[in-house]
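Okay, thanks for coming, everyone.

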Amino acid sequence: MANDYARPGRVRPAPENFLSDEDIAAINKGGRRDFLRSAFIAASAALAAPAVARAQSAGDPAILELPPWSTSLGLPVAANPYGMPSKFERGLVRRESPGLTRVGGSSVAFTPLQGLFGIITPSGLHFERHHQGWHDIDPARHRLMINGLVKSEAVYTMDDLMRLPAVSRIHFIECGANTGMEWGNVAVPTVQYSHGMLSCSEFTGVPLKLILDMCGADYKKGRFILAEGADGSSMTRTIPMEMVESGEVLVAYGMNGEMLRPENGYPLRLVVPGVQGVSWVKWLRRIEVGDQPWASKDEAVHYIDLMPDGQHRQYTSTQEVKSVITSPSGGQILLDRGFHNISGMAWSGRGKITRVDVSTDGGINWREARLETPVLSKAVTRFNLDWVWDGKAAILQSRATDDSGHIQASYGQLRAVRGTKSIYHNNAIQSWKVTESGEVSNVQVL
Ligand SMILES: Nc1nc2c(c(=O)[nH]1)N[C@H]1C(S)=C(S)[C@@H](COP(=O)(O)O)O[C@H]1N2
Ligand SMILES: [Mo]
């Protein structure tokens, strides 16, 4: 395999990464077919550009001639007081799915997983899901109230909370509706839209247990907490007290080394590792301790799983083991045969990823991928696999296993139990089809 590295195959990124917003709007209007056709046109146009040209072995002007940045003065420090990505990376942004429309303040923007490395999602690319829009809240005016089955009810300022002993931990957050479109066999074009309601960050905050201890919570009777946000969505979620007692649930103000971004709950949000995103209440303003689940609208009407027999499953909050190949992935085009690094992400709400297997023939043969360190509990794990593409049609799949022994299921297996009418908790094996011309698209393999 080492010889193959000398001449790795080129991959055209999905159109989002290099087309203008206007182009993408036009493509989205035209639907999936045009989306792919335009991707091809753009790909062939972009091929001529020096940025993607393969380095020539001799006489390459890019190495022989001194570019302006080698012969002129650079910009001074703090030209960007808050650093921003290179202008050449401007296509890599959060995007709304072509297939989803905004309903009032209810909206979602997806993380561009196809362009990320490692396990941390840059804060500016963290996905956004708001039930009633977002606010940039003045931290001086924000309060957290603790009430219910506690000896002494309390109201904390941000200042109060930020003086308490803090911890920092890396965890993924995934919306329960991530990959929801695929239940009905709607193959959305790119991994940004199929899996992009997933992000992974380092969160800093105070274990909720510590705050409840200070308030004298009645842990005998008070087996549940209710978390409430300060926005207009009346977002309330029940969380079992065991999770709080484990010390994992955080009242967090930090994300990736700085304060939370407004879109992600500034100045305070709940972090509930392993649990679906909706329980990670943003703009957190109240925690109530109670003796039974509240069955709020967000757990009685929404976020329930419709089963084939017409019944609903309630409180299915754990995000089960899941993985996806992010490169090559839908919308990308393999421009060369030969070596390609297959790379992707795996995660489980039950603990650590222990293994990821990758198939290039639609699940007939599997090879074990390399897991990159660190492998953390309830965090994204990066995996890689060497692959030599022979130019024939292929179907790429990844299948993750976690340390509770759970393994990702195929669509056939998952649908046999869950049917096709669900929205939430789709952790099926994702398939990317590669045609002989190198075009990569989203297909479902049962
Ligand atoms: N207060 C409040 N908290 C909220 C929401 C909301 O609309 N309001 N959305 C929830 C949902 S459905 C998800 S998936 C996550 C999304 O978090 P993010 O926007 O930081 O990615 O926040 C959750 N917390
Ligand atoms: Mo969500």
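I'll go from the whole chain to the ligand, and then on to some individual residues.

First, the housekeeping. This is a predicted model, so local features need pLDDT of at least 70 and side-chain atom pairs count only at pLDDT 80 or more, while totals for chains, interfaces and linings use all residues. Residues are numbered from 1 along each chain as its sequence is written, chains are lettered from A and ligands numbered from 1 in the order in which they are written, and side-chain values use heavy atoms, with hydrogens and water left out.

So, the overall picture. The protein chain has 10 helices and 25 strands; these are DSSP runs numbered from the N terminus, with helices being H or I of at least four residues and strands being E of at least two. Of its 446 residues, 51% count as buried. For burial, the cut-offs are under 20% relative accessible area for buried, over 50% for exposed, and partly exposed in between, with a 1.4 Å probe and protein chains only. The chain exposes about 20500 Å², and carbon and sulfur atoms supply 55% of that. Those areas are Shrake-Rupley with a 1.4 Å probe, and for residues only the protein chains shown count as cover.

How about contacts? Here a contact means heavy atoms within 4.5 Å. Take the contacts in the protein chain with a separation of 6 or more: residues 24 or more positions apart account for 72% of them.

Okay, on to the ligand. Where does ligand 1 sit? It's in the largest cavity. A cavity, on a 1 Å grid over the protein atoms alone, is a set of points where a 1.4 Å probe fits but cannot get out, and a molecule sits in one if more than half of its atoms lie within 2 Å of its grid points.

There are 22 residues around ligand 1, and the ones that come nearest are Phe127, His131, Asp231, Arg269 and Lys282. Being near means that a residue has a heavy atom within 4 Å of the molecule. Strand E3, residues 128–130, gives the most to that shell, with three residues.

Now the polar contacts, meaning pairs of N or O atoms within 3.5 Å; within protein, one has to be able to donate a hydrogen and the other to accept it, and residues adjacent in sequence count only if both atoms are side-chain atoms. A polar backbone atom of Phe127 is 2.6 Å from a ligand oxygen. For His131, a backbone N or O atom lies 2.7 Å from an oxygen of ligand 1. With Lys282, an N or O atom in the side chain is 2.5 Å from a ligand oxygen. And how much of ligand 1 does the protein cover? On its own the ligand has 530 Å² of accessible area, and the protein covers 100% of it.

Lys282 also leads us to Glu263. Leaving out residues up to four places away in sequence, Glu263 touches Arg94, Glu128, His130, Trp134, Lys282 and Trp283. Glu263 is in the loop between E11 and E12, and at 14% relative accessible area, it is buried.

Pro267 is in that loop too, between strand E11 (258–259) and strand E12 (269–271). The peptide bond joining Tyr266 and Pro267 is cis, with omega about 5°.

There's another cis bond from Thr373 to Pro374, omega near -5°. Pro374 is in the loop between strand E21 (370–371) and strand E22 (381–389), and Lys378 is in the loop between E21 and E22 as well. Lys378 isn't a glycine, but its phi is positive, about 55°. Is Lys378 buried or exposed? Buried, with a relative accessible area of 13%.

Thr179 is also a non-glycine with positive phi, about 65°. You'll find Thr179 in the loop between strand E6 (167–174) and helix H6 (191–195), buried at 5%.

Last one: Arg355, in strand E19, residues 353–359. Arg355 is partly exposed at 34%. Its side chain makes a polar contact with the Glu368 side chain at 3.4 Å, and the two residues are 13 apart in sequence, with 7.2 Å from C-alpha to C-alpha. Beyond its neighbours within four places, Arg355 also contacts residues including Leu371, Arg399 and Thr401.

That's my tour; over to you.

Note on methods. 1 Å grid on protein atoms, 1.4 Å probe; cavity = no way out; pocket = protein on both sides within 12 Å on 5 of 7 lines; lining within 4 Å.
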